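Visitor: Please take one part of this model and go through it closely, then show how the rest of the chain relates to that part.

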Amino acid sequence: GFLCVAMIHFILLISRQGKTRLAKWFSPHTLKERAKITREVNHIVLSRPSKLSNFVEWKEHRLVYKRYACLFFIFCVDKSDNELVSLELIHHLVEVLDRYFGNVCELDLIFNFHKAYYIIDDMFLAGEVQESSKKSILRAVAAQDLLMDSFSDPKTET
């Protein structure tokens, strides 16, 4: 499966207006560096004509991105990584988010960002694929939801 990917340095989900909806960092950067990188990557991806490929050489890395509806899913990977595997991982993430949220949209990420982060944390560990099974990921998220519901429901006593 997906074991060919060497390293994801960060994942950004941005809107067409350039608003960052989710940012997951696997490489160490200061807050100032993260803000600069995010601005730079936003500019590169948003200003790029749609007819060009979804791969951009950037510094010592490669940006791999795909637009779904009004959101851009961007992975920063090593130049030696297979771009098509990275695109497949983006699609895989979108499929899991779609199954969980029922056709994921920007508002789902705004109001339920913690659940989106939980899904990403279940899929990726230290920038590498940890879990590729959609069923396993969704089961883990459902178990987390049940646990959270039991804490927030005053009728439930343990």
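Guide: At 47% relative accessibility, Lys59 counts as partly exposed, because buried means under 20% relative accessible area, exposed over 50%, and partly exposed in between, using a 1.4 Å probe and protein chains only. This is a predicted model, in which local features need pLDDT of at least 70 and side-chain atom pairs count only at pLDDT 80 or more, while totals for chains, interfaces and linings use all residues. Residues are numbered from 1 along each chain as its sequence is written, and side-chain values use heavy atoms, with hydrogens and water left out.

Lys59 sits in the loop between S3 and S4. Helices (H or I, at least four residues) and strands (E, at least two) are DSSP runs, numbered from the N terminus. Although Lys59 is not a glycine, its phi is positive, at about 50 degrees. Ala126 also has a positive phi without being a glycine, near 55 degrees. Ala126 is in the loop between strand S6 (124-125) and strand S7 (128-129), and its relative accessibility of 53% makes it exposed.

Next comes Trp58, which counts as buried at 5% relative accessibility. To follow its ring, a rule is needed: rings of Phe, Tyr and Trp (its six-membered ring) pair if their centres lie within 6.5 Å, and planes under 30 degrees apart count as stacked, over 60 as edge-to-face and the rest as tilted. By this rule there are 7 aromatic pairs. In one of them, the rings of Phe10 and Trp58 have centres 6.0 Å apart and planes at 85 degrees, so the pair is edge-to-face. The pair joins distant parts of the chain, since Phe10 is in strand S1 and Trp58 in strand S3 (residues 55-58), 48 residues apart. Phe10 is buried as well, with a relative accessible area of 1%. Ring pairs connect Phe10, Trp25 and Trp58 into a cluster.

Now the cores. A nonpolar core is a set of buried Ala, Val, Leu, Ile, Met, Phe, Trp, Tyr and Cys residues joined through side-chain atoms within 4.5 Å. In soluble globular proteins, nonpolar side chains tend to be buried together. The largest nonpolar core here has 31 residues, and Phe75 and Phe124 touch the most other members. Strand S1 (8-15), strand S5 (71-78), helix H2 (83-101), helix H4 (113-123) and helix H5 (134-152) each supply at least two residues of this core. H2 gives the most, with 9 residues. Apart from this core lies another, of 14 residues, among them Trp25, Val56, Trp58 and Tyr65.

Helix H2 also holds Glu83, which is partly exposed at 25% relative accessible area. Leaving out residues up to four places away in sequence, Glu83 touches Phe55, Arg62 and Val64, where contact means heavy atoms within 4.5 Å.

Tyr65 leads on to the largest pocket, whose lining includes Tyr65, Arg67, Val45, Leu46 and Phe72. Helix H1 (31-46) and strand S4 (61-68) are the elements that give two or more residues to that lining. A pocket is an open set of points on a 1 Å grid over the protein atoms alone, where a 1.4 Å probe fits and protein lies on both sides within 12 Å along at least five of seven lines; lining residues have an atom within 4 Å of a point.
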